[in-house]
Amino acid sequence: ALNLVHSGIQVVRLGREDSVISGLSPWVADPNGRDGSLVKSKISNSSVICCTCSTAGSDILDKVMFTHLLIDEATQCTEPMALIPLSRGCKQMVLVGDQCQLPPTVLSRQPQLIHSLFSRLSVHIQPLFSNT
């Protein structure tokens with residue numbers, strides 16, 4: 001998010017200020033904070049909203065549509081969790097992750113919850129790999 005800010009792009013990072021790097025503090029808005037109008041103002045004035053998949057389902061974003069979606073660490077995100085931001089009108093999605101690293105952490109015993117959307121789609125769609 002900080003690279004976007006330095007590029008002149010209007011960004012808001014939804015979350016608690018104590019959970020982000022210090023340089024990003026001016027662009028943080030707490031959706032559970034006291035000043036809902038300030039959060040809504042930051043959201044409406046931003047081109048990019050950075051948040052967790054679960055925060056994408058919060059009430060503060062009820063009227064917000066995400067036309068583009070990037071899910072970082074997508075191999076660690078369960079499929080149901082990835083559906084939350086997808087339900088916001090996404091027309092284009094990028095899943096970033098490494099299928100050779102950690103899978104989603106799931107405490108449920110229901111086997112359908114242990115898969116990531118990344119792993120399910122990679123069976124049907126050829127992933128694009130970087131050389132890094």
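Modeller: A residue is called buried under 20% relative accessible area, exposed over 50%, and partly exposed in between, with a 1.4 Å probe and protein chains only. By this criterion, buried residues make up 30% of the 132 residues in the chain. The model is a predicted one, in which local features need pLDDT of at least 70 and side-chain atom pairs count only at pLDDT 80 or more, whereas totals for chains, interfaces and linings use all residues. Residues are numbered from 1 along each chain as its sequence is written, and side-chain values use heavy atoms, with hydrogens and water left out.

The secondary structure consists of 4 helices and 5 strands, where helices (H or I, at least four residues) and strands (E, at least two) are DSSP runs numbered from the N terminus. Along the sequence these elements follow the pattern α-β-β-α-β-β-α-β-α.

The part you ask about is an open sheet of 3 strands in the order β2-β1-β3, with parallel pairing; two strands pair if DSSP finds at least two bridges between them. The edge strands are β2 (28–29) and β3 (48–50), each of which pairs on one side only. Strands of a sheet pair through backbone hydrogen bonds, either parallel or antiparallel. Strand β1, residues 11–14, is joined to β3 by 3 bridges in the parallel sense, and Val-12 stands opposite Ile-49 of β3. Towards β2, the parallel pairing of β1 comprises 2 bridges, and Arg-13 has Val-28 of β2 as its bridge partner.

In a regular strand the side chains alternate between the two faces of the sheet. Both faces of β1 are covered, with Val-11 and Arg-13 buried on one side and Val-12 and Leu-14 buried on the other.

Helix α2, residues 36–44, lies across β1, β2 and β3 and runs at about 135° to β1. Contact here means heavy atoms within 4.5 Å; axes are lines fitted to C-alpha atoms, for helices over the stretch in contact, and angles run from 0 to 180 degrees between N-to-C directions. Lys-40 belongs to this helix and counts as exposed because its relative accessible area is 51%. Lys-40 lies 7.0 Å from Ile-60, C-alpha to C-alpha, although the two are 20 residues apart in sequence.

β4 and strand β5 (residues 92–95) pair in the parallel sense over 4 bridges, with Leu-95 of β5 as the bridge partner of Ile-71. In β4, Leu-69 and Ile-71 form a covered face, while His-68 and Leu-70 form an uncovered one. The loop between β4 (68–71) and α3 (79–86) contains Thr-78, which counts as buried because its relative accessibility is 17%. Not counting residues up to four places away in sequence, Thr-78 touches Pro-104, Val-106, Leu-113, His-115 and Ser-116.

For the chain as a whole, 54% of the contacts between residues at least 6 apart in sequence join residues at least 24 apart. The C-alpha atoms fill a box of roughly 40 × 35 × 30 Å, taken along the principal axes.
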